[in-house]
Amino acid sequence: MPRIGIIGGSGIYNPDKFEHIRTVFPDTPYGKPSDEILIGKINGVEIAFLPRHGKNHQHPPSSVPYKANIQAMKDLGVEMIVSPCAVGSLKEKYKPGDLVIVDQFIDFTKKRDYTFFDDRTVHISIADPICPQMSDVFDRTAKEMGIDYHRGGTYVCIEGPRFSTRAESYMFRNFADIIGMTLVPECQLARELGICYCSLATITDYDAWMDEVVDIQTVMDTMASCLAKILEILERGLPELEKLPSCSCIDAAIGCGAIEKP
């Protein structure tokens, strides 16, 4: 059973680096996940890979089946989720092509399904939503690689699928460093099930606050040019993740009664 799950774009799946073992498409109480989950090995480490938007990008940010995705990972035995994603920058020093190891989020989504607990009140503690142990691993790995990266950054999550207006972008600059559409509720659902979570965000553009137009082609082109770097940080970092013991992320879920102590 894989301890590590990766939820990201379909480009993360590289047949040259991924030793495919089996494919599963499980049912959950919340329906099917976004697509088939590929079980295999990267650099000798067994992982479960799920394309967040589906292999054909059929799920826009608002309709990704987040609960099914996280529940499917939990049912497979996953204890840690790595989330590579694309984001826009809200600060000049956060440059396109840079990697951000996210540590905080601000939720500006509007119509998503945010919790597994609709039948009872569960107050999950999520002051620090990202696993510090996992972030430490990728911090060391990025440093060893000599790439441009930022340890820490606040991610404002918007509903999408449209990009920000210029006025919205100016406003968000006062509170956050980067902007995207998928961290919420994925991150908090993982916490509810006691799964550690780490977001590796690649900056693709300067959003709308700078004097340029953001479009999907710009995002895709920049992400494609950075793909080799993301694959390398995963390849190097996964063996270190596998060595990690259980950490305090699970305590929040146990403490509020979301899950029972293992």
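Biologist: Okay, how many aromatic pairs does the count come to?
Modeller: Three aromatic pairs. The rule takes rings of Phe, Tyr and Trp (its six-membered ring) with centres within 6.5 Å; planes under 30 degrees apart are stacked, over 60 edge-to-face, and the rest tilted. Keep in mind that this is a predicted model, where local features need pLDDT of at least 70 and side-chain atom pairs count only at pLDDT 80 or more, while totals for chains, interfaces and linings use all residues. Residues are numbered from 1 along each chain as its sequence is written, and side-chain values use heavy atoms, with hydrogens and water left out.

Biologist: What kind of pair do Phe-108 and Phe-172 form?
Modeller: An edge-to-face one, 5.0 Å centre to centre with 75 degrees between the planes. Phe-108 sits in strand β7 (residues 104-108) and Phe-172 in helix α3 (residues 166-173), so the pair ties together parts that are 64 residues apart in sequence. Helices (H or I, at least four residues) and strands (E, at least two) are DSSP runs, numbered from the N terminus.

Biologist: And is Phe-172 buried or exposed?
Modeller: Buried, with a relative accessible area of 5%. Phe-108 is partly exposed at 38%. Buried means under 20% relative accessible area, exposed over 50%, and partly exposed in between (1.4 Å probe, protein chains only).

Biologist: Which residue lies over the face of Trp-209?
Modeller: Arg-173, at 3.7 Å from the ring centre. That needs NZ of Lys or CZ of Arg within 6 Å of the ring centre and within 35 degrees of the ring normal. Trp-209 also forms an edge-to-face pair with Tyr-206, at 5.7 Å and 80 degrees, and both of those residues are buried.

Biologist: What about strand β4, how many of its residues are buried?
Modeller: Six of the seven in β4 (residues 45-51). Strand β1 (residues 4-8) runs parallel to β4, joined by five bridges, and β3 (residues 37-42) pairs with β4 in the antiparallel sense, also over five bridges. Pairing takes at least two DSSP bridges between two strands.
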